Amino acid sequence: MTEALVQTITAAKFQVTKFREGYDMIEVDDFLDEIIAALRSGPGSRLSKLPDQILTKKFQVTKWREGYDMVEVGDFLDIALDQVRRCLTTADASADAYEG
């Protein structure tokens with residue numbers, strides 16, 4: 001499941017805005033890279049902090065230069081958050097089964 005999420009994030013494309021508000025493209029791309037790195041790091045504090053990081057992430061808003069559509073980015077991060085939580089739940093269940 002984790003690798004499928006990594007592939008989904010890697011393949012993410014957002015509509016580019018011009019002359020209207022959008023999220024800074026470099027910031028969004030860098031944050032998606034951070035999510036991928038945390039997912040690939042495996043179970044641990046980096047992965048367990050990821051839901052809060054996704055929920056609280058704020059991007060610089062652009063207006064006079066290209067940016068990513070804010071609604072598309074928000075919707076995508078909502079889906080990613082749900083998938084990260086599922087990964088964590090699955091990892092917790094696996095750990096409990098292993099201990100039990």
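Residues are numbered from 1 along each chain as its sequence is written, and side-chain values use heavy atoms, with hydrogens and water left out. Because the model is predicted, local features need pLDDT of at least 70 and side-chain atom pairs count only at pLDDT 80 or more, while totals for chains, interfaces and linings use all residues.

**Helix H2**

Helices (H or I, at least four residues) and strands (E, at least two) are DSSP runs, numbered from the N terminus. Helix H2 has 16 residues and reaches 23 Å from its first C-alpha to its last, close to the 22 Å expected at 1.5 Å a residue; the expected span is 1.5 Å times one less than the number of residues. Val28, Phe31, Leu32, Ile35, Ile36, Ala38 and Leu39 of H2 are buried, a term for under 20% relative accessible area, with exposed meaning over 50% and partly exposed in between (1.4 Å probe, protein chains only). Seen down the axis of H2, these buried residues fall within an arc of 165°, so they line one face of the helix; the arc is that of the directions from the helix axis to the C-beta atoms. On the other side of H2, Ile26 and Arg40 are exposed. At the start of H2, a side-chain oxygen of Asp24 reaches to within 3.1 Å of the backbone nitrogen of Ile26. Just after H2, Gly42 takes a positive phi of about 85°.

**Aromatic pair and Thr17**

Rings of Phe, Tyr and Trp (its six-membered ring) pair if their centres lie within 6.5 Å; planes under 30 degrees apart count as stacked, over 60 as edge-to-face and the rest as tilted. Phe14 and Phe76 form an edge-to-face pair, 5.5 Å centre to centre with 80° between the planes. Phe14 lies in the loop between H1 and E1 and Phe76 in helix H5, so the pair ties together parts that are 62 residues apart in sequence. Ring pairs link Phe14, Tyr68 and Phe76 into a cluster. Thr17 is placed in strand E1 (residues 16-17).

| Buried residue | Relative accessibility |
|---|---|
| Thr17 | 1% |
| Phe14 | 11% |
| Phe76 | 14% |

Note on methods: Polar contact = N/O pair within 3.5 Å; in protein donor to acceptor, adjacent residues only side chain to side chain.
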